[in-house]
Amino acid sequence: PLANVPLCSLLVARSSAMAMPSSNIHSFVRARQHGGLRPRCRGPQLSMLRMKLRWSSPRFFSTGSGVVEHIVLLNQDAFCVVKKRGLADAYIATGADGVPGDLGQATEATARHQFRWLVDLRLFGQERVRLVTLLEATGALLIVYGLADRAVRDNLFVRVVDVAGLLSGEVRVRDCGSLSSFVVPGGGFVEYDAQNESVWAHDGETLHCWDSRTFQRRFVLGPWTDEDLPNLRFTHGLVGLLSCEGGGRLWARLHDVVDGKLKTHCRIDMPGPTDDEIAFIELVNRHALVKRVGGLLTIIDLSTYLSRPIEGTEGWDPDLFVFLPTQEVILARFGDTVEIWRCSGLDACYRMSIIHGVADFRQDRFSIDERHALVLVVRRRGGIKDHHHESQACGLTSGICEVESHCLVVDLGVQGFASGAFFERAEELALLDLRADGIARVSLRGACCGIGGMGLSHMAHQLSTGTLLCVGKHGGVFLYSSFGCA
């Protein structure tokens, strides 16, 4: 699950002191008069409407965005970049006079005044960084890395460093107890679980859970052998161990993420042929979603042991799932289409809508705000949303096209590049309201416009600070902010 919980009260308090760009005032007033601003998502909408270019470096990555694996925002002017071959560095943007602003033609190699290289996240130079995640609650970065040594190349290690230290140009490693010394062999994984404020590590035999605020180990589950290793799934407040046994039975155990106590242990007969291969098993709160190849998607209540197949889902096999368990919502990707599902119970599991034209829906091309049930995606201009009005609690229906009359448009394009750049304005950033069937509340157009842009390759969004960092396909870096823009 991917989720960012914003400091909404801080956002609203800060936004009250800022002036909205005049081009958006009339749209804002008109939308409020016609109900386009909902109380729940008014803060995020206001943040998006105030977005302006804070600084840019059109030639930051001289060879293009292909060297970038992912990016992480540290604050409004500092960020980390994980590159190919496990390289990872932190940078801060400063103008020639030390004041953030438009940084012109800076490059990664020559940006001495416009960009300042802060530090290499690799302490010894032999590490190969796999993942960098910001732990906002503790002001730290979680770094997962391997080593170049052939003998331990497949192993994973964990390091936690202070963000304040990075901003001053040094790597200050925190003592995280057993997490710092834990080694994950090849085939295991390390995962940061934001919704449960946990760090999980699986070494192939056991599952370990640490508190991401105190770094105290909470509990250990297992051990398992290769033959009885279950599917591990994380949802709000729970970790699930799921597997299919012979005879078409689902074996499930649910444990509390705080102390590891067993909450549910059951074996449930699943409908359908027992010899068909399992396509996937997923977990949403206390409901398991199980599908056999060519069979119907089945929702199973792990509290009552009841199940129900969803009609019309024989060919339903998404490329990617994104879960928002506190909102009881699932996003399912099929190519450039994203389906929005409600999953709150046996009698309330259905597809709400389909968003077409969502280009390259992957981790660095969307951002989730689970608290407000919002998702920021990159989609083609003029994308169509099929809105499904359900006549029954379950099942799929054919949709009808709905015009997004309450979408507010913000143009982020830079003067001089905006006109005529139609090929790179074919995409837009859309803030979708998942509680309103995925209707777009705000559309940001012109991001990564001009030299160094030519379309968006990667993005990192922090709703709490009103900051959006984008990497263009031609290697430019662009930061848009709701506060303190030049």
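1. How many residues lie between β23 and β24 in their hairpin? Two residues separate these strands. β23 (residues 337-345) and β24 pair in the antiparallel sense, over seven bridges. Two strands count as paired if DSSP finds at least two bridges between them. Strands here are DSSP runs of E with at least two residues, helices are runs of H or I with at least four, and both are numbered from the N terminus. Gly345 has Ala348 of β24 as its bridge partner.

2. Basis of the note. This is a predicted model, in which local features need pLDDT of at least 70 and side-chain atom pairs count only at pLDDT 80 or more, while totals for chains, interfaces and linings use all residues. Residues are numbered from 1 along each chain as its sequence is written, and side-chain values use heavy atoms, with hydrogens and water left out.

3. Overall make-up. The chain holds five helices and 34 strands. Of its 486 residues, 56% are buried. Buried means under 20% relative accessible area, exposed means over 50%, and partly exposed lies in between (1.4 Å probe, protein chains only). The accessible surface comes to about 20,300 Å², and carbon and sulfur atoms hold 50% of this area. Areas come from the Shrake-Rupley method with a 1.4 Å probe; for residues, only the protein chains shown count as cover. Among contacts with a separation of 6 or more, 53% join residues 24 or more positions apart. A contact means heavy atoms within 4.5 Å.

4. Covered elements. Strand β24 is largely enclosed by the rest of the structure, because seven of its eight residues are buried. Strand β26 is likewise largely enclosed, with six of its seven residues buried. Helix α3 (residues 42-49) is mostly covered, and seven of its eight residues are buried. Its buried residues include Pro44, Leu46, Met48 and Leu49.

5. Around β26. β25 and β26 form a hairpin with four residues between them. In the turn, Ala373 has a positive phi of about 55°. The two strands pair in the antiparallel sense over four bridges, and Ile368 has Val375 of β26 as its bridge partner. β26 also pairs with β30, again in the antiparallel sense, over seven bridges. Here Leu376 stands opposite Leu431 in β30.

6. Arg379 forms a salt bridge with Glu428, and the closest N and O atoms are 3.0 Å apart. A salt bridge is a side-chain nitrogen of Lys or Arg within 4 Å of a carboxyl oxygen of Asp or Glu. This pair links distant parts of the chain: Arg379 sits in strand β26 (residues 374-380) and Glu428 in strand β30, 49 residues apart. Both Arg379 and Glu428 are buried. Arg365 forms a salt bridge with Glu427, with the closest N and O atoms 3.6 Å apart. That pair also links distant parts: Arg365 is in the loop between β24 (348-355) and β25 (366-369), Glu427 is in strand β30 (residues 427-433), and 62 residues separate them. Arg365 counts as buried because its relative accessible area is 3%.

7. Other salt bridges. The count comes to 23 salt bridges. One of them joins Asp89 and Lys83, whose closest N and O atoms are 3.5 Å apart. Is Asp89 buried or exposed? Asp89 is buried, because its relative accessible area is 11%. Lys83 is also at 11% and counts as buried.

8. A four-stranded sheet. An open sheet has the strand order β13-β14-β15-β16, with antiparallel pairing. β13 (231-235) and β16 (262-269) are the edge strands, and each pairs on one side only. Neighbouring strands of this sheet are turned by 20° against each other on average, direction ignored. Such angles use axes that are lines fitted to C-alpha atoms, for helices over the stretch in contact, and run from 0 to 180 degrees between N-to-C directions. Strands β14 (residues 238-245) and β15 (residues 249-256) pair over eight bridges. Cys244 has Leu250 in β15 as its bridge partner.

9. A surface patch. Leu123, Phe124 and Val173 form a nonpolar patch on the surface, with about 310 Å² of accessible area together. Patches are made of residues with over 30% relative accessible area and no salt bridge; like charges are joined within 9 Å, and nonpolar side chains (Val, Leu, Ile, Met, Phe, Trp, Tyr) within 5 Å. Phe124 lies in the loop between β5 (115-120) and β6 (127-135). Phe124 counts as exposed because its relative accessibility is 66%.
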